[in-house]
Amino acid sequence: MSLASTLSISVPTQGNTNQLLLLSLPEQNFPPLQNAYFDCNTSVVIQRRCSFSHRKCSYLTKKATKFKEFLASNIRASLFKAVKNNNKTGVLLLSDVYGFEDSATRDFAYRVACNGYNVLVPDLFRGDPWSKHRPKDDYENRRAKQSLERVSKDINLSAKWMVDEFIAAKMSKKLGIVGFCFGGGRILETLSQDQGSYFGIGACFYGTRINPSVAESINVPVLFISGDNDPLCPVDLLHDLEKNIGKGSKVVVFEGRGHGFVHRPESQEEDEDADAAFSILRNWLHDGLAVKK
């Protein structure tokens, strides 16, 4: 199956049941994997003006490419094309337990794309993410069904797909990896296994269930961002990881902040700190990917 650089699709829209929208795929026209297919009917190009504020962002001129893609082994993912100033580098974004289709994760992925990165967000939970509507008592049972070994394989396959497509498109083959909460915890395991093959830099936002024993085998710098009021991500652990990984790794702690404040701010004060944290990430990715590509 081949795809043109631009597809025209008819979808129901408010006020017009058959308005023609354009689904614009990456300029490099990434070829799909063998035996893969694209679900273009669920994809819409939205126009939006980029802003560094979650709450102040205008949705008037959004311009992002977002399509669901079904990789090998039934892994779904969303790809966000660099919105402007495409620096021809990529970021693999690992979600929290609410999954790759959660609005907070999608919004953050788009903000990264606004800064020139092509962002792939894989479905780490094979269609079964956690939901706020589920009983809290069911969380551990649900988590036990999500094999970390299977998640790790899916992450590695997603990274390999990005690198293969980037090489085919004559783009940088070094990726960045960013994760929140559950996804943040998986970053260290991924980088430990990767040994610098795919990833040139990492960023972990309040990672959970981190295995500190893998730190010394990581060969790239990692940025750790968290709050000092987060029981799921102890600050002392982050400083130990920073020391054991070395290579320019960095810990940034926001006073009074709890879990999830960067991609799920719940107040004006948290929103301001979320903007500050995003600026730190933006500089981190620029120095580690855009400059060194």
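**Loops, helix packing and burial in a predicted model**

Asn 86 lies in the loop between strands S5 and S6, where strands (E, at least two residues) and helices (H or I, at least four) are DSSP runs numbered from the N terminus. The structure is a predicted model, in which local features need pLDDT of at least 70 and side-chain atom pairs count only at pLDDT 80 or more, while totals for chains, interfaces and linings use all residues. Residues are numbered from 1 along each chain as its sequence is written, and side-chain values use heavy atoms, with hydrogens and water left out. The relative accessible area of Asn 86 is 23%, so this residue counts as partly exposed; buried stands for under 20% relative accessible area, exposed for over 50% and partly exposed for the range in between, with a 1.4 Å probe and protein chains only. Asn 86 and Gly 116 are 30 residues apart in sequence, and their C-alpha atoms are 4.3 Å apart in space.

The protein chain contains six helices and 11 strands. It has 293 residues, of which 54% count as buried. Its accessible surface is about 13,600 Å², and carbon and sulfur atoms hold 48% of that area; accessible areas come from the Shrake-Rupley method with a 1.4 Å probe, and for residues only the protein chains shown count as cover. Among contacts (heavy atoms within 4.5 Å) with a separation of 6 or more, 68% join residues 24 or more positions apart.

Helix packing was examined for two pairs. Two packed helices are described by the angle between their axes and by the distance between the axes. Axes are lines fitted to C-alpha atoms, for helices over the stretch in contact, and angles run from 0 to 180 degrees between N-to-C directions. Helix H1 (residues 103–113) packs on helix H6 (residues 268–290) at an angle of about 45 degrees, with the axes 11 Å apart. H1 and H6 are therefore oblique to each other; angles under 35 degrees count as roughly parallel, over 145 as roughly antiparallel, 65 to 115 as roughly perpendicular and the rest as oblique. The crossing of H1 past H6 is right-handed, a crossing being right-handed if the near helix is turned clockwise from the far one by less than a right angle, and left-handed if anticlockwise. On the H1 side the contact is made by Phe 108, Arg 111 and Val 112, and on the H6 side by Asp 275, Phe 278, Leu 281 and Leu 285. These residues divide into five nonpolar, no polar and two charged; Ala, Val, Leu, Ile, Met, Phe, Trp, Tyr, Cys and Pro count as nonpolar, Asp, Glu, Lys and Arg as charged, and the others, Gly among them, as polar.

H1 is largely enclosed by the rest of the structure, because eight of its 11 residues are buried. The buried residues of H1 are Ala 104, Thr 105, Phe 108, Ala 109, Tyr 110, Arg 111, Val 112 and Ala 113. Their cover includes strands S5 (75–80), S6 (89–94) and S7 (117–122), together with S8, S9 and H6. In the segment after H6 is Val 291, which counts as exposed at 54% relative accessibility. Val 291 and Asn 87 are 204 residues apart in sequence, with a C-alpha to C-alpha separation of 9.4 Å.

For the second pair, the axes of helix H3 (residues 148–168) and helix H4 (residues 181–194) come within 10 Å and cross at roughly 70 degrees. That makes H3 roughly perpendicular to H4. H3 passes H4 in a right-handed crossing. H3 contributes Leu 148, Val 151, Ser 152, Ile 155 and Asn 156 to the contact, and H4 contributes Phe 182, Arg 186, Thr 190 and Gln 193. Four of the contact residues are nonpolar, four are polar and one is charged.

Phe 125, in the loop between S7 and helix H2 (139–144), counts as buried at 1% relative accessibility. Not counting residues up to four places away in sequence, Phe 125 touches Ser 95, Asp 96, Val 97, Gly 99, Arg 142, Gln 146, Arg 150 and Phe 182.

Lys 170 is not a glycine, yet has a positive phi of about 60 degrees. Lys 170 is found in the loop between H3 and strand S8 (175–180) and is exposed, with a relative accessible area of 76%. Tyr 206, also not a glycine, has a positive phi of about 35 degrees. Tyr 206 lies in the loop between strands S9 (199–205) and S10 (222–227) and is buried, with a relative accessible area of 0%.
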